Amino acid sequence: MFQTCIFPAAGYGTRFLPATKSLPKEMLPILTKPLIHYGVDEALEAGMDNMGFVTGRGKRALEDYFDISYELEHQISGTKKEYLLKDIRSLIDRCTFIFTRQNEMRGLGDAVLKGKSLVRDEAFGVILADDLCVNENGLNVMAQMVKIYEKYRCTVIAVMEVPKEQVCNYGVIAGNTVEENLIMVNSMIEKPDPDEAPSNLAIIGRYILTSDIFEILENTQEGKNGEIQLTDALLTQATNGMVLAYKFEGKRFDCGSVEGFVEATNYFYKKSKC
């Protein structure tokens, strides 16, 4: 079993301006926990305890969050509020947190490549924190994907069906069914026009990548806006070997959008009242 999960977290979060002018979008709270906390929880529950963050300028709050705040700890020690830090204390005790920087915004592929120094020569998870996933009826999404990786030992990506008119917002895959909810990818395109999309199966922010992805990314040409697309590298990997797309069990909230963020907040608020 691999130990590392990479969290690309260098983006500006422009859809949440002006809030994200000084606050990383990954620190936006769903109730009392920031998005990044939910992502680390998911990775830890899936068996990973080495958390690697690819950040950028203005993201220092992420490092501070996963560190001890001695002044705050002292201030609330022995009070009724001390229990509120129980969850984050547990993460700090159980995980290792490592940070590196993406100095230029050159796409998700480049962000993953920047995580190379954080990963040993083994597979690793990737979680995009603004895709908040929950599964009340069993294993979380990343844990589901780990089981598939353990069986097939190849790259696994999470996909979901979206309305045809929304495929232009995602990487989209097509392929052949291997077993229920599992597809061997043979086609993949980043943000296609609806009429050109090979299917309505959209990639969301959960990946298990084998380590050969780094060499592929190093040789992947820049695409639109000078960005290195992870989708292009995954298609190369699928052509040369095997990439599996998994239609996961559970619910995904697009917390990179205001609508999805509000939906997630309402969902967790109602859940907290049950």
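Tutor: Helix 5 (108-114), strand 11 (201-209), helix 8 (230-240) and strand 13 (251-254) each supply at least two residues of the lining of the largest pocket. Helices (H or I, at least four residues) and strands (E, at least two) are DSSP runs, numbered from the N terminus. The model is predicted, so local features need pLDDT of at least 70 and side-chain atom pairs count only at pLDDT 80 or more, while totals for chains, interfaces and linings use all residues. Residues are numbered from 1 along each chain as its sequence is written, and side-chain values use heavy atoms, with hydrogens and water left out.

Strand 11 gives the largest share of this lining, four residues. In total, 41 residues line the largest pocket, and R15, K25, L108, L128 and K191 lie nearest its centre. A pocket here is an open set of points on a 1 Å grid over the protein atoms alone, where a 1.4 Å probe fits, with protein on both sides within 12 Å along at least five of seven lines; lining residues have an atom within 4 Å of a point.

By class, the lining has 15 nonpolar, 14 polar and 12 charged residues. Ala, Val, Leu, Ile, Met, Phe, Trp, Tyr, Cys and Pro count as nonpolar, Asp, Glu, Lys and Arg as charged, and the others, Gly among them, as polar.

The space in the largest pocket comes to about 1,500 Å³, a volume being the space filled by probe spheres set on the points, which are joined across faces, edges and corners. The second largest pocket has about 470 Å³.
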